[in-house]
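Dear colleague,

Please find below the structure that I am handing over to you.

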Amino acid sequence: MSIDTIVYETKNAATRIALLGNGDLKELEIIEANRALEGNIYLGKVVRKVELANGKIGFFVELGEGREAFLNAEEYGLDELKICEGQSLVVQVAQEKRAEKGPKVTRALQFVGENLVYCPYKLTVEASSKINDRAKAEAYRQLVIENTTGQEGWIVRTSAVNETEKQILDEMAYLRSLYENVRQNARKLSAPALLLAKANPVFEYINKYQSQLKKVVLNSRNVEEEIKARFGENVNTEIDAQPFETFGLEDAIVEALDKNVKLKSGGRVTIEETKAFVAIDVDSGRDNGRGSLSHLNEEAAVEIAKQIRLRNLSGKIIIDFAGSSDYRYLKSVIEILEKEVAEDATRTTVLGLSRAGNVEIIRVRKRPSLLDMLSVECESCQGTGRVMK
């Protein structure tokens, strides 16, 4: 995904970060100050135990400020503990709150750096599968293995192979220090308490897209100074009091909430978010012979991948393409879809064609969708958007 501009705006205890490519909105992240963000680490307090299906159990953990999160009883390491109400646990937010569902937390902590991910409770060292030079990936993996201390795990990120060995070793030491600070704070503080807040994601975006980035436009002098201190003159910054308005992003966001997306071929894509899954339908609309259904579906595949990232759709995604559901007609469409979602930073897997003739996708859920962030379900119609006759 080509990103040349980052627009950053903080206002009224909320921060919005937009990623633009050739003037088009590609991705949007909204951060609310009082939200339990994905990646935050808390000293949580177990408030109650719940019985789940098939004899399994889980726990609700208080994070503070009236927020509760769900912890699966089969979470790594819990078999070693006798969990009881009132007990304190160090947990990390794995999934943020969405709609009526609260956040989910994990005890398997991860500390994400620019080039590495530190996993203090794992014993393996892995390298990102997105590193094209596998020989170099293995060399850096071996570097990390040689410098592990005790029982710990690491993930070598894609950007690592562009850094020096010293930078890698320095980052290993830094991430270990973050973990040690969390441990020390957990001993001193009373639950519930925030132990480590997620770093401002704008730095992660800059680091990821720096090679193609033209500028970062923002309305915060403080954040601009941090960017300059971290990236120097390698990143061009501009101050704008209303950057989202300047770039026309308010209208783009409203458009991204519309369930219908028009295609150039004359067809349309309809996106419906349900509690169980995301349903996407491709319709030829008023296409009067301007192109075959194959061309329509291929265009739709590209647009669907774009909309998944923009709207942050996740979980189960089921697509009903136009025309025949026979695999021989949809093979090229599925291949295009696989190519497009491969650029997604969030792990997205195209499962293929179901027996019912739908293309199924699984995308890891970490943050709520754009619709969940910017709207609430209507109390009158419970989300149906229909009026009784």
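A cavity, as the word is used here, is a set of grid points where a 1.4 Å probe fits but cannot get out. The model is a predicted one, and a search of the whole of it finds one cavity of 30 Å³ or more.

The volume of the largest cavity is about 30 Å³. Its lining consists of L28, I30, N312, R367, P368, S369, L370 and M373. Strand β3 (24-32) and helix α9 (370-374) each contribute at least two residues to the lining of the largest cavity. Sorted by class, this lining comprises five nonpolar, two polar and one charged residues.

The second finding concerns two helices. Two packed helices are described by the distance between their axes and the angle between them. For helix α3 (residues 201-209) and helix α4 (residues 221-231), the axes come within 11 Å and cross at roughly 40°. Helix α3 is therefore oblique to α4, since an angle under 35 degrees would be needed for roughly parallel and 65 to 115 for roughly perpendicular. The crossing of α3 past α4 is right-handed.

Which residues in α3 and α4 meet? From α3 these are V202, F203, I206 and N207, and from α4 they are V223, E226, I227, R230 and F231. The residues of this contact of α3 with α4 divide into six nonpolar, one polar and two charged.

With kind regards

Technical notes. Residues are numbered from 1 along each chain as its sequence is written. This is a predicted model: local features need pLDDT of at least 70, side-chain atom pairs count only at pLDDT 80 or more; totals for chains, interfaces and linings use all residues. Side-chain values use heavy atoms; hydrogens and water are left out. Axes are lines fitted to C-alpha atoms, for helices over the stretch in contact, and angles run from 0 to 180 degrees between N-to-C directions. Helices (H or I, at least four residues) and strands (E, at least two) are DSSP runs, numbered from the N terminus. Angles under 35 degrees count as roughly parallel, over 145 as roughly antiparallel, 65 to 115 as roughly perpendicular and the rest as oblique. A crossing is left-handed if the near helix is turned anticlockwise from the far one by less than a right angle, and right-handed if clockwise. Contact means heavy atoms within 4.5 Å. Ala, Val, Leu, Ile, Met, Phe, Trp, Tyr, Cys and Pro count as nonpolar, Asp, Glu, Lys and Arg as charged, and the others, Gly among them, as polar. On a 1 Å grid over the protein atoms alone, a cavity is a set of points where a 1.4 Å probe fits but cannot get out, and a pocket is an open set with protein on both sides within 12 Å along at least five of seven lines; lining residues have an atom within 4 Å of a point. Grid points are joined across faces, edges and corners, and a volume is the space filled by probe spheres set on the points.
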